[in-house]
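Here's a quick briefing to go with the model you have open.

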Amino acid sequence: MGVGTWAWGDRLIWDYGRSHTDADLQAAFEASLAAGISFFDTAEFYGWGRSERLLGQFIRAAGRPVVVATKFSPYFWRLQGRGLLRALRGSLVRLGADQVDLYQIHWPLPPVSIETWMDAMADAVDAGLTRAVGVSNYNLSRMRRAHAALARRGIALASNQVEYNLWHRAPERNSLLDACHEMGVTLIAYSPLAMGVLTGKYTPDNPPPGFRGRRFNRELLARVQPLIGLLRDIGQAQGGKTPAQVALNWVICKGAVPIAGAKNAHQAELNAGTLGWRLTADEIAALDLASERMK
Ligand SMILES: NC(=O)c1ccc[n+]([C@@H]2O[C@H](COP(=O)([O-])OP(=O)(O)OC[C@H]3O[C@@H](n4cnc5c(N)ncnc54)[C@H](OP(=O)(O)O)[C@@H]3O)[C@@H](O)[C@H]2O)c1
């Protein structure tokens, strides 16, 4: 599993600067490394570059190798492949690195074709600026096009990062997860805790703040409570795991890589407790059923 860093510098949705400080984030980074988690996902878009800057700063201070994934924003004014290379060089400056491990297209926005971006991605690999290429928020047909375009340049599509959690199971329903397994593409599951809701700490009487409270309103929070209860029961049966650990383990058991966001060392340590054990087949089936009933 990895750590998501959207909240590292984002004020609008994640309340950076008020709910968590740079010191908290550095502690989250160090706690993750100490627990053996060394994969971090960022984007040029997060905090308008601050997430990349903070991550670079923490990596240099730690002096240990980590696996870094970042993302290209296909803004409408970026109309040519060379815009991707320029953006990647900007990310590398903010990260203080010569190369990233994974470079992803953040969204499949028009008007530039998938083939044009994949060609630019292949150029980035050839230039040694990224080791691997990924996409994000691509549906099955777009993913196949990206895969084919890269294959023409002799490069494998490494990953597709999409929303996937017990609340949002579209990748199972629309066959994306199966296709990823068949094609050897890693499905990176974003918002694996449904933006914190699957931790169980948010209830109809205690909704998450701001935008998250609008997305997960009281009615939805009421509907998710039976699932939270089951996450708790399964966690107890598994020797005292938290609802979040069970929810993240479920993603892993489905064959995807969760990248849970963490704002401080405590959250990072708790999330790392997802590793080293596995849900049983019966527990997975029970969670599947509870999540279907919730809908
Ligand atoms: N490619 C894309 O379009 C896209 C979109 C979304 C996200 N992502 C990536 O996926 C990553 C993860 O998604 P996400 O940040 O949206 O949501 P998430 O991982 O589902 O939830 C993260 C939030 O839940 C709370 N939390 C996390 N661990 C906790 C714990 N152990 N106990 C209690 N609360 C805990 C924290 O917020 P509070 O404490 O404030 O509740 C944290 O910021 C992002 O950081 C980003 O890297 C990518």
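Contact here means heavy atoms within 4.5 Å. With that cut-off, Leu231, Arg232, Ile234 and Gly235 of helix α9 meet Pro243, Val246 and Ala247 of helix α10. Keep in mind that this is a predicted model.

**The chain overall**

- A compact globule of 295 residues would have a radius of gyration near 19 Å, and the chain agrees with that, coming in at 19 Å.
- As for burial, 53% of the chain's 295 residues count as buried.
- Take the contacts between residues at least 6 apart in sequence: 77% of them join residues at least 24 apart.

**Helices α9 and α10**

- Helix α9 covers residues 218–237 and helix α10 covers residues 243–253.
- Their axes come within 8 Å and cross at roughly 90°. Angles of 65 to 115 degrees count as roughly perpendicular, so that is how α9 and α10 sit to each other.
- Sorted by class, the residues of the α9 contact with α10 are 5 nonpolar, 1 polar and 1 charged.

**Helices α1 and α2**

- Helix α1 (residues 22–34) packs against helix α2 (residues 50–62) at an angle of about 55°, and the axes are 10 Å apart. That angle makes α1 oblique to α2.
- The crossing of α1 past α2 is right-handed.
- On the α1 side, the contact is made by Asp22, Leu25, Gln26, Phe29 and Leu33. The α2 side brings in Leu54, Leu55, Phe58, Ile59, Ala61 and Ala62.
- By class, this contact of α1 with α2 has 9 nonpolar residues, plus 1 polar and 1 charged.

**Asn271**

- You'll find Asn271 in helix α11, which runs over residues 265–272.
- Is Asn271 buried or exposed? Its relative accessible area is 8%, and buried means under 20%, so Asn271 is buried.
- Leaving aside residues up to four places away in sequence, Asn271 touches Met1, Leu193, Ala244, Leu248, Ala260, Gly261 and Ala262.

Key:
Residues are numbered from 1 along each chain as its sequence is written. This is a predicted model: local features need pLDDT of at least 70, side-chain atom pairs count only at pLDDT 80 or more; totals for chains, interfaces and linings use all residues. Side-chain values use heavy atoms; hydrogens and water are left out. Axes are lines fitted to C-alpha atoms, for helices over the stretch in contact, and angles run from 0 to 180 degrees between N-to-C directions. Helices (H or I, at least four residues) and strands (E, at least two) are DSSP runs, numbered from the N terminus. Angles under 35 degrees count as roughly parallel, over 145 as roughly antiparallel, 65 to 115 as roughly perpendicular and the rest as oblique. A crossing is left-handed if the near helix is turned anticlockwise from the far one by less than a right angle, and right-handed if clockwise. Ala, Val, Leu, Ile, Met, Phe, Trp, Tyr, Cys and Pro count as nonpolar, Asp, Glu, Lys and Arg as charged, and the others, Gly among them, as polar. The radius of gyration is taken over C-alpha atoms; the globule rule is 2.2 Å times the number of residues to the power 0.38. Buried means under 20% relative accessible area, exposed over 50%, partly exposed in between (1.4 Å probe, protein chains only).
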